[in-house]
Amino acid sequence: MLEPLLPKGIRSGRPPVHTKRQLINGIRFRTRTGIPWRDLPERYGPWETVYGLPRRWQRNNTWRRILEQLQARADTKGLITWEVSVDSTIVRAHQHAAGARKRGTSGSSRLAGSSPSPTTTGSDAPAAG
């Protein structure tokens with residue numbers, strides 16, 4: 001399934017000794033285990049070769065193209081749901097998002113030309129019935 005997505009190119013020079021499958025499996029092994037490149041088992045090929053492949057593909061955007069094509073295939077088959085669920089127990093809001101009044105903006109929020117409503121004092125209040 002991955003083979004048609006891999007870059008095709010006619011290269012001059014020595015034919016490859018290791019298959020792309022071996023090299024990609026070496027990349028996957030290194031990613032899963034987190035080992036240094038130099039500790040990669042020999043069955044995946046020389047570590048320099050395995051290291052060079054993802055670096056080349058990263059620089060020429062091959063990884064991005066492979067991901068986009070795989071996502072497009074999965075989306076057409078209905079295998080991807082683009083829904084996002086956020087659990088509020090882990091979401092943190094910034095302190096400024098709490099709705100507190102900002103200093104110095106109380107007067108600037110009023111419209112120009114409008115006057116503040118007069119304050120009502122105890123003597124100005126109408127007497128109860």
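A residue counts as buried when its relative accessible area is under 20%, as exposed when that area is over 50%, and as partly exposed in between. Arg-64, at 40% relative accessibility, is therefore partly exposed.

The model is a predicted one. Its protein chain has a mean pLDDT of 77, and 66% of the residues reach 70 or more. Among the elements, helix H1, residues 20-33, has the highest mean pLDDT, 91. Helix H2, residues 47-59, has the lowest, 89. Where pLDDT is low, the predicted coordinates should not be read in detail.

The buried residues in H2 are Val-50, Gly-52, Leu-53, Pro-54 and Trp-57. What do the buried residues of H2 pack against? They pack against both H1 and H3.

Tyr-51 is also part of H2, but with a relative accessible area of 33% Tyr-51 is partly exposed. Ile-24 counts as buried, at 12% relative accessibility. Along the chain Ile-24 and Tyr-51 are 27 residues apart, while their C-alpha atoms are separated by 10.0 Å.

Aromatic rings come next. The structure holds three aromatic pairs. In one of them, the ring centres of Phe-29 and Tyr-44 are 5.4 Å apart and the planes stand at 35 degrees, so this pair is tilted. The reason is that an angle under 30 degrees would count as stacked and one over 60 as edge-to-face, with the rest called tilted. Phe-29 belongs to helix H1 and Tyr-44 to the loop between H1 and H2, so the pair ties together parts that are 15 residues apart in sequence. Both partners are buried: Phe-29 has a relative accessibility of 17%, and Tyr-44 has a relative accessible area of 11%.

Another aromatic pair is formed by Trp-37 and Tyr-51. Here the distance is 5.4 Å centre to centre, and the angle between the planes is 75 degrees, which makes the pair edge-to-face. Trp-37 sits in the loop between H1 and H2, and Tyr-51 in helix H2, so that the pair links distant parts of the chain, 14 residues apart. Trp-37 counts as buried, at 16% relative accessibility, whereas Tyr-51 is partly exposed at 33%.

After H2 the chain comes to Asn-61, whose phi is positive. Asn-61 lies in the loop between H2 and H3. Its phi is near 65 degrees, a positive value in a residue other than glycine. Most residues other than glycine have a negative phi. As for accessibility, Asn-61 is partly exposed, with a relative accessible area of 36%.

Helix H3 covers residues 62-76, and Thr-62 is in it. Is Thr-62 buried or exposed? Thr-62 is buried, because its relative accessible area is 2%. The side chain of Thr-62 makes a polar contact of 2.5 Å with the side chain of Asn-60. Leaving out residues up to four places away in sequence, Thr-62 touches Pro-7 and Trp-57.

Side chains of opposite charge can pair when their charged atoms come close. The count of salt bridges comes to one. The partners are Arg-64 and Glu-68, with their closest N and O atoms 3.2 Å apart. The cut-off for a salt bridge is 4 Å, so this distance qualifies. Arg-64 and Glu-68 are four residues apart in helix H3, so they are separated by about one helical turn. In an α-helix there are 3.6 residues a turn, so residues three or four places apart point the same way. Like Arg-64, at 40%, Glu-68 is partly exposed, with a relative accessible area of 41%.

The walk ends in the segment after H3, where Ile-80 is found. At 24% relative accessibility, Ile-80 counts as partly exposed. Apart from neighbours within four places in sequence, Ile-80 is in contact with Gln-71, Ala-74 and Asp-75.

Key
Residues numbered from 1 in each chain as written. Predicted model: local features only at pLDDT ≥ 70, side-chain atom pairs only at ≥ 80, totals over all residues. Heavy atoms only, no water. pLDDT = per-residue confidence, 0-100. Helix = DSSP H or I, 4+ residues; strand = E, 2+ residues; numbered from the N terminus. Buried < 20%, exposed > 50% of the residue type's maximum accessible area, 1.4 Å probe, protein only. Polar contact = N/O pair within 3.5 Å; in protein donor to acceptor, adjacent residues only side chain to side chain. Contact = heavy atoms within 4.5 Å. Salt bridge = Lys/Arg side-chain N within 4 Å of Asp/Glu carboxyl O. Phe/Tyr/Trp six-rings, centres within 6.5 Å; stacked < 30°, edge-to-face > 60°.
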